[in-house]
Amino acid sequence: MRTLWQHCHAATMTDGRYSVIEDAAIVTSAGLIEWIGPRADVPPVAADRVVDLGGAWVTPGLIDCHTHAVFGGNRSGEFEQRLQGVSYAEIAAQGGGIASTVRATRAASEDALFVSARQRVQALMRDGVTTIEIKSGYGLDLESERKMLRVARRLGEELPVTVRSTCLAAHALPPEYVGRADDYIAHICDEMLPALSAEGLVDAVDAFCEHLAFSPAQVERLFIKARELGLPVKLHAEQLSSLHGSSLAARYQALSADHLEFMTEEDAIAMAQSGTVAVLLPGAFYFLRETQLPPMDALRRHGVKIALASDLNPGTSPGLSLRLMLNMGCTCFRMTPEEALAGVTVHAATALGLDTSHGSLEVGKVADFIAWQIERPADLSYWLGGDLPKRVVRLGHEISN
Ligand code: DI6
Ligand code: FE
């Protein structure tokens with residue numbers, strides 16, 4: 001079916017800018033954008049359907065390129081304890097923190113994980129998200145990581161959203177391996193990754209490079225294995241300290257390095273050279289009351305592509321709204337609304353290896369777009385959450401979220 005969508009303005013996000021087409025028209029066919037341009041120039045196509053978008057602003061469907069949306073339980077109880085004065089160390093000593101999410105995730109059935117994650121993903125979708133990345137990393141053994149990744153795949157099959165799944169088995173040290181981090185990395189490389197990859201459950205490999213998680217040398221062993229298996233890599237780097245994980249990621253042509261508050265200018269240069277996207281996560285920055293800002297000037301000066309994501313996770317960013325992250329990217333990191341929107345569209349697509357098919361309104365890309373009833377694109381970064389009136393089009397068909 002060929003559809004002509006008109007009576008709208010388009011922020012196409014081509015080249016990372018608004019790249020506005022006023023009084024635009026879009027022709028979609030077979031799930032793709034067949035033509036886009038000023039309405040006055042629409043070619044004489046035989047459309048099966050003409051849709052009046054009522055003067056809306058059309059943007060690409062939003063892409064949340066870093067989430068941990070699948071997990072058991074949640075940690076609102078710990079949040080409350082912390083605000084009553086219990087320290088993070090005390091909570092950890094009581095078996096709380098990430099360990100408690102690992103226990104709850106291991107104990108949950110695949111169906112229970114699916115149902116709880118579906119609610120969270122649907123919340124993101126109500127905000128205009130049409131593509132989402134979901135990481136494993138709360139199972140930390142083969143069976144439980146498989147369970148998480150299968151849930152991620154199933155979410156993509158049962159909801160009108162594109163899901164990319166990332167294996168983050170190197171998120172934390174499981175209790176079985178305390179004091180034996182090298183052995184756990186060997187187990188991931190020798191057993192987990194080959195099996196999960198062979199089952200078609202892995203689109204990319206990620207790790208947490210930090211003093212309290214895994215060292216650059218351990219991460220590098222994982223990256224070498226990923227390369228051997230033909231899988232692209234990503235990295236949680238420079239969130240709490242500077243270990244130059246982002247430079248390591250760049251050496252392995254990582255799709256992205258994420259967090260980055262403590263990165264240096266040299267890291268930014270390395271990332272620019274490799275085309276590795278900087279994924280900033282203002283929800284975690286806010287929730288942890290971090291004060292170290294990512295080096296925005298260095299990232300801009302060296303032309304690093306900057307994406308923004310929710311980091312949706314139970315410990316450090318229980319964020320169910322990507323538009324709220326747009327606002328936080330602007331208020332906390334001083335991004336412009338244009339940079340922020342590019343960060344959840346065209347650059348987020350690159351961070352997922354989807355740059356040729358997603359992220360901007362261009363001929364040949366998938367017809368995933370949102371028609372927002374707003375005054376101007378900056379509204380998307382301006383409002384703090386809430387539900388903005390919109391119509392969501394995925395693969396050329398309007399869906400109700
Ligand atoms: N960085 C984070 O902020 C989360 N994971 C990571 O690598 C924390 C995850 C959690 O606390 O559950
Ligand atoms: Fe994360």
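A polar side-chain atom of tyrosine 138 lies 2.6 Å from an oxygen atom of ligand 1. This distance, like every value in this report, comes from a predicted model.

| Residue | Distance from a polar side-chain atom to an oxygen atom of ligand 1 |
|---|---|
| Tyrosine 138 | 2.6 Å |
| Threonine 316 | 2.7 Å |
| Arginine 75 | 2.8 Å |

The surroundings of ligand 1 also include Ile98, His171, Phe208, Gln239, His259, Asn313 and Gly315. His236 and Asp311 belong to these surroundings as well, and both residues also coordinate the iron ion (ligand 2).

The iron ion (ligand 2) is held by the NE2 atoms of His66, His68 and His236 and by an OD atom of Asp311, at 2.1 to 2.3 Å. Along the sequence, the spacing of these donor residues is H-x1-H-x167-H-x74-D. The pair of histidine 236 and aspartate 311 links distant parts of the chain, as the two residues are 75 residues apart. Histidine 236 is in strand S9 (residues 234-237), while aspartate 311 is in the loop between strand S12 (306-308) and helix H12 (322-333).

What is the geometry of the site of the iron ion (ligand 2)? The angles among its 4 donor atoms run from 80 to 166 degrees, and the site is irregular. For comparison, the ideal angle for four tetrahedral donors at a metal is 109.5 degrees.

Is histidine 236 buried or exposed? Histidine 236 counts as buried because its relative accessibility is 3%, which is under the 20% limit. Aspartate 311 is likewise buried, with a relative accessible area of 2%.

The backbone of aspartate 311 deserves a remark. Most residues other than glycine have a negative phi. Aspartate 311, although not a glycine, has a positive phi of about 55 degrees. Methionine 13 is also not a glycine and has a positive phi of about 65 degrees. Methionine 13 lies in the loop between strand S1 (2-11) and strand S2 (20-29) and is buried, with a relative accessible area of 0%.

Two helices complete the description. Helix H5 (residues 142-158) has 17 residues and spans 24 Å from its first C-alpha to its last, close to the 24 Å expected. Among its buried residues are Met148, Leu149, Val151 and Leu155. The cover over the buried residues of H5 includes helix H3 (98-107) and strand S7 (162-170). In H3, the buried residues include Ser100 and Val102, and their cover includes helix H1 (76-83), H4 and H5.

How values were computed. Residues are numbered from 1 along each chain as its sequence is written. Chains are lettered from A and ligands numbered from 1 in the order in which they are written. This is a predicted model: local features need pLDDT of at least 70, side-chain atom pairs count only at pLDDT 80 or more; totals for chains, interfaces and linings use all residues. Side-chain values use heavy atoms; hydrogens and water are left out. Helices (H or I, at least four residues) and strands (E, at least two) are DSSP runs, numbered from the N terminus. The expected span of a helix is 1.5 Å times one less than its number of residues. Buried means under 20% relative accessible area, exposed over 50%, partly exposed in between (1.4 Å probe, protein chains only). Contact means heavy atoms within 4.5 Å. Donors are N, O and S atoms within 2.8 Å of the metal (3.2 Å for Na, K and Ca); water is not among the atoms, so sites may look incomplete. Four donors count as tetrahedral if all angles lie between 85 and 135 degrees; four count as square planar and six as octahedral if opposite donors are over 155 degrees apart and all others between 65 and 115; anything else is irregular. A residue is near a molecule or strand if one of its heavy atoms lies within 4 Å of it. A polar contact is a pair of N or O atoms within 3.5 Å; within protein, one must be able to donate a hydrogen and the other to accept it, and residues adjacent in sequence count only if both atoms are side-chain atoms.
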